[in-house]
Amino acid sequence: MARKVGICAVAQTTFQRNKWDQRFQNMGLEVLESLREQTGVDFSEKKGIGMSISCSDDVFDARTISDNGLTDLLGGHFGCEEKVAQEGIQALYYGLAAIQSGHVDVVLLLGHCKESQGQSRNMVGHLAFDPFYTRPVGLDYCVSAGLQAQAYGKRSGITDEHLARIVVRAREKAAKNPHQPDTERVTMEEVLASKFLADPIRELHAYPVSDGSVGMILAAEERVHEFTDTPVWITGVGNSMDNFFLGDRDLAANTALKAAAKRAYDRAGIIDPQSAFDLVELSDQYAYQLPMWMEGLGLCNEAGGAKWVEEQGFDTDQVNLSGGMLGGNPLLLGGFVRAAEAALQLKGEAGTRQVDKAKTALAHGVMGPAGQFHSVVTLERD
Amino acid sequence: MTEKTTAGLVADIFATMESRVIPEGVDGITANYGYIITGPGGGQWTVCVADGRVTVVEDLVTPDVTTTCANDDWIAITLGKLDGMTAFSSGKLKVTGDMGLLVAAAGFFEKYQPPLAEITVADIFATMESRVNPDGVQGITANCGYRITGDNGGEWTVCVADGKVTVLAGIKDPDVTTTCADTDWIAITLGKLDGMTAFSSGKLKVTGNLDILSTAARFFKKYSPPSAGPEEAPEELIVLKQVLSIPQTFATGPVMGHFLNALKEKRILANQCPECQRLQIPPREVCAECVVRCKEFVQIGPEGIISTPDVAYYASPDPLTGETRETPYCSCHFLLDGCKDHETMWHELKASDIPRAERGVRVRPVWNDTLTGSVTDIKYFEIIDD
């Protein structure tokens, strides 16, 4: 790739079921202050943050042009500000492009989401569908994921037990992640007895509702060392958008994810993805997605998802040591937090979830119904 | 569709058929078409076609083919909202006799136009009691007389007392009397003519206590004129009506929360940037210019001056109730005592003070009786008379 870009620092709030005592500006400020403290970066015209990229959603925030609520924090006062109204991992892509183009040297990324603010997260997901056809027939993100889970489960032989194992393990990992203080461990029996949301998706198979904020400082290679001694380099990025209408797709085929992964691997010069990464952070909004995305990324064999779960591939491959989205990250931030967690690992700052001598990582984000849009980022340290 | 809006529509469809005949459509056809329309407003008719002429009889007279369907479905078919073939195959429309005759029938008549709704002054007054806005009449006791001139006019008195409204015919002990023409009164009621403008242009004359009238705009919920039937739309240009609404619980956080809580004690707070010393109203977490936390709160006002006034002449309706706020309203920047330069606070100026809204005029907040920790705890600012 062109100009090398490094992640200098990452920060995140805790992710909790209902941060009733904080508006999103409070959550964002906590992240911004941590990033400034870690790096000493400021908003000065010549040496400071050249571009701020926020990530928020108008419907979740219940305000048109939701980034306006954050301009106080983003140095939006006569500064350069951009917004990602997408999975926040795209902010990393935008920031990378801004630095590689030579437009700026230092970029602030700041995302927030309060899933608890609206009466129901599903009401927000419902509005992602068109008013003519798919809204009246009752589609939302969870219901469309149910369709995909049926299609994928049938193809790869995924059972209720497989899904329960994924959830139990995710909660186990999340319980050790200090950013997930609300985590409750669950047993196989509890998962297997949990209520159906959209068959085969059970309540405990779905990522918990949460509020929180996450951010990063990116810098060009020649300036990275002003801000950190342990930069994490972005070696590859790729994304791909599938059809919006579910009927146009093969829901079990992972078409968009395969394309996104190939683009990232090509940029990073990765030939054998199965041996390329010391750890992987995947956006598993629902339990079935963990093996499905592993297949799509080429990190386990095609249609080998069930076997991968049975053999506890998630442990051997060091997948989602943070707990993943199943541990509790909101929509919009799932992939962004995955990238932040991967960067923490490569910086050696992942605490009790640290993978020994981790040098390379993959982070993945997903957005839209039934994995419509995928982003893949590959990372490496010196 | 409600019964009220479709009453008489079926009869009108048949009654207007003879005047809507398309000569080429009925050319060469001789047959009696019977119709049994069920439901309120329904009945039996026979459309007799012979020698290029059409006669409609209100009864079944030796029909060659008889169509039976419900009143609403028949109206929908006539207006093009329901396809006749679909209605038939779904069982909404039943046919006995020579079905082949019906194929030609679609070309017999020009499109039916439902009669236009007639809005009467009498209906506006007659519906007032059912349209009372409880908040708007709360605490008000007054008799408002209306002398509406013109063919459509009359005299009424709207009596407001103890949150209740009674509308009487004639002028009875009015505290204030409004005189205006029937067409203007309808236009004002429909929001097509602004009451304030009508008053200042002389279309609306007032005797008695004018202040009462400034509250009268809030007495009633919006008037909906009676409708004579659904509007038409070409088949491919269907519009869908949906209300987007997700109930929200907004956190205030400690900074906005402190500001809102202070309003409960009739105190207005700004917070101050430790670097540039600028005051921010409303207080926010950080100084928008220096991006540093602002922890110091300063009490400002409550009196001040008008910094920039403006009058808004429209208001967006509440999507759930369809209600709009009173217009016009005065959107004002106030520079409260203790503030300088752009450290202004936005709020409203009392509607009756609008004619005197000028820069530099001194104002004070008027607080609501019940304080809830909301920016609307301040009802509005009003001009301080010396």
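This is a predicted model: local features need pLDDT of at least 70, side-chain atom pairs count only at pLDDT 80 or more; totals for chains, interfaces and linings use all residues.

Colleague: How many residues are in the largest nonpolar core?

Modeller: That core has 126 residues. Leu379(A) is among those with the most contacts inside it, and so are Val107(A), Ile217(A), Leu218(A), Ala343(A), Ala361(A) and Val377(A).

Colleague: Which helix gives the largest share of this core?

Modeller: Helix 12 of chain A, residues 334–347. It supplies eight residues. Another core lies apart from the largest one. It has 21 residues, including Phe259(B), Ile300(B), Cys332(B) and Phe381(B).

Colleague: Let's switch to Val237(A). Where is it found?

Modeller: In strand 8 of chain A, which covers residues 232–241.

Colleague: Does it count as buried or exposed, and why?

Modeller: Val237(A) counts as buried, because it has 23 C-beta neighbours inside 10 Å. The cut-off for buried is 20 or more.

Colleague: What is Val237(A) in contact with, leaving aside its neighbours within four places in sequence?

Modeller: Tyr93(A), Leu96(A), Ala264(A), Arg267(A) and Val377(A).

Colleague: On to chain B. How is it divided?

Modeller: Into domain 1 (3–105), domain 2 (121–216) and domain 3 (253–383). The centres of domain 1 and domain 3 of chain B, taken over C-alpha atoms, are 64 Å apart.

Colleague: What is the strand order in the open sheet of chain B?

Modeller: It runs 8-7-6-9-10, five strands with mixed pairing. Strand 8 (164–169) and strand 10 (204–208) stand at the edges. Each has a single partner strand, so one side of each has no neighbour in the sheet. From one strand to the next, the twist averages 20°.

Colleague: Why is strand 6 of chain B called largely enclosed?

Modeller: Because six of its eight residues, 142–149, are buried.

Colleague: Which way do strand 6 and strand 7 of chain B run?

Modeller: Antiparallel, joined by seven bridges. Tyr146(B) stands opposite Trp156(B) in strand 7. Four residues lie between the two strands of this hairpin, and Gly150(B) takes a positive phi near 100° there.

Colleague: And strand 6 with strand 9 of chain B, parallel or antiparallel?

Modeller: Parallel, with six bridges. Thr149(B) stands opposite Ala181(B) in strand 9.

Colleague: Which helix of chain B lies across strand 6, strand 9 and strand 10?

Modeller: Helix 9, residues 182–189. It runs at about 105° to strand 9 of chain B.

Colleague: Last topic. How many residues of chain B are in contact with chain A?

Modeller: 18 residues of chain B, against 22 residues of chain A. On the chain B side, ten are nonpolar, five polar and three charged.

How values were computed: Residues are numbered from 1 along each chain as its sequence is written. Chains are lettered from A and ligands numbered from 1 in the order in which they are written. Two residues are in contact if their C-beta atoms, placed from the backbone, lie within 7 Å. Ala, Val, Leu, Ile, Met, Phe, Trp, Tyr, Cys and Pro count as nonpolar, Asp, Glu, Lys and Arg as charged, and the others, Gly among them, as polar. Domain bounds come from an automatic or database domain assignment. A residue is buried if 20 or more other C-beta atoms lie within 10 Å of its own, exposed if 12 or fewer, and partly exposed in between; C-beta atoms are placed from the backbone. A nonpolar core is a set of buried Ala, Val, Leu, Ile, Met, Phe, Trp, Tyr and Cys residues joined through C-beta atoms within 7 Å. Two strands pair if DSSP finds at least two bridges between them. Axes are lines fitted to C-alpha atoms, for helices over the stretch in contact, and angles run from 0 to 180 degrees between N-to-C directions.
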